[in-house]
Amino acid sequence: MSETQNPIFPNIIPSSIKMTKHREAEKGDFSTEEDLQTLILLLFHEPECEFFYFVEQGSPSDPLLSAAIARGDILVEESEFFYYRHPKIDHGYVHIDVRDGNYAWDWQRDVVEKGPMFIREKLKISARKRTELEIWQKIEMEDAFREHRKKTAYQFDVFLSYATGDRQEALRLHEAITSAGGKAFLAEKCIQPGEDFAEKIRQALLGSRELWLLISHTSKESEWVISEWGAAWALEKKIVPILHRCPPESLPDRLRKLHAIDYYRYRELIENTFPEGAVRESKQSLDKSTTKTK
């Protein structure tokens with residue numbers, strides 16, 4: 001192959017190649033506060049993207065956008081004239097710069113004469129607003145991290161404290177909590193034969209977010225129950241008294257100020273404690289009902 005037959009490549013090195021990305025909007029696209037906030041977040045999260053806003057010459061911009069520009073949230077980096085609606089692209093614009101009345105193409109003359117002319121404004125987020133959103137983002141991340149740590153710090157959501165005579169009621173509570181997506185410690189379920197009973201109770205109390213105390217005439221006399229809620233009180237755990245066939249007056253003195261709930265209303269307690277699980281369980285029940293109807 002002769003030298004003249006070799007392909008000739010432009011003098012381009014990879015580091016000089018840039019990929020540009022842009023978004024376009026026009027008057028009427030920011031009619032609600034939600035539209036404006038979406039724009040601000042796009043400008044914040046996509047700093048590499050160029051954002052252009054088209055408005056007819058002599059016509060005011062969207063009021064919400066104008067207000068954001070006036071208070072300094074958004075900046076108009078530059079404005080360019082001689083933009084017209086593209087004749088073949090919906091919501092598309094074309095730049096036609098007329099020089100000495102000459103047009104590169106005949107169709108451009110028709111577009112310009114029919115008009116109107118639009119101004120293309122290049123928008124960017126202000127440094128102040130960016131800083132504000134960075135602070136907001138940091139707070140959101142810290143809150144999410146704290147919430148995650150709070151959830152992972154506990155092995156159990158609920159420690160169920162009950163007397164042996166209330167075994168069936170405790171089992172029902174354990175099953176309902178589990179069905180709602182929660183984790184509950186129930187000695188009968190969680191302590192295996194041969195394990196140190198007292199140590200497992202101690203670890204479970206430390207690793208539980210709150211203690212649900214099943215109060216009955218039997219549990220009031222149980223040394224284990226008294227020890228469990230006493231330890232939870234000392235550890236400043238949330239204690240939820242659940243009354244089973246006994247009045248609020250039967251609560252121990254230190255727990256009298258706590259709001260108690262009747263055992264037969266435990267479903268309400270679970271729905272309030274595990275709302276996501278309650279919604280899921282309700283949906284599953286509805287799906288089963290729909291299937292039966294079919």
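A cavity, on a 1 Å grid over the protein atoms alone, is a set of points where a 1.4 Å probe fits but cannot get out. Grid points are joined across faces, edges and corners, and a volume is the space filled by probe spheres set on the points. By this rule there is one cavity of 30 Å³ or more. The model is predicted, so to speak, with limits: local features need pLDDT of at least 70, side-chain atom pairs count only at pLDDT 80 or more, and totals for chains, interfaces and linings use all residues. Residues are numbered from 1 along each chain as its sequence is written, and side-chain values use heavy atoms, with hydrogens and water left out.

The largest cavity holds about 30 Å³ of space. Its lining (residues with an atom within 4 Å of a point) is made up of Arg23, Leu42, Leu43, Glu46, Cys49, Glu50 and Phe51. Helix H1 (33-45) and strand S2 (50-56) are the elements that give two or more residues to this lining; helices (H or I, at least four residues) and strands (E, at least two) are DSSP runs numbered from the N terminus. Sorted by class, the lining has four nonpolar, no polar and three charged residues. Here Ala, Val, Leu, Ile, Met, Phe, Trp, Tyr, Cys and Pro count as nonpolar, Asp, Glu, Lys and Arg as charged, and the others, Gly among them, as polar.

Now for the helix pairs. The axes of H5 (residues 167-179) and H9 (residues 266-273) come within 10 Å and cross at roughly 30°, axes being lines fitted to C-alpha atoms over the stretch in contact, with angles from 0 to 180 degrees between N-to-C directions. That makes H5 roughly parallel to H9, a label for angles under 35 degrees. On the H5 side, Arg172, Leu173, Ala176 and Ile177 make the contact, and on the H9 side Tyr266, Arg267 and Ile270 do; contact means heavy atoms within 4.5 Å. Five of these residues are nonpolar, none polar and two charged.

Helices H7 (residues 197-206) and H8 (residues 223-234) also have axes that come within 10 Å, crossing at roughly 35°. Phe197, Ala198, Ile201 and Leu205 of H7 meet Trp224, Glu228, Ala231 and Ala232 of H8, giving seven nonpolar, no polar and one charged residues.

Most residues other than glycine have a negative phi, and most peptide bonds are trans. Phe82, in strand S3 (residues 74-85), has a positive phi of about 65° though not a glycine. The bond from Gly115 to Pro116 is cis, with omega near -5°, and Pro116 sits in the loop between helix H3 (106-114) and strand S5 (118-125).

How values were computed. Angles under 35 degrees count as roughly parallel, over 145 as roughly antiparallel, 65 to 115 as roughly perpendicular and the rest as oblique. On a 1 Å grid over the protein atoms alone, a cavity is a set of points where a 1.4 Å probe fits but cannot get out, and a pocket is an open set with protein on both sides within 12 Å along at least five of seven lines; lining residues have an atom within 4 Å of a point.
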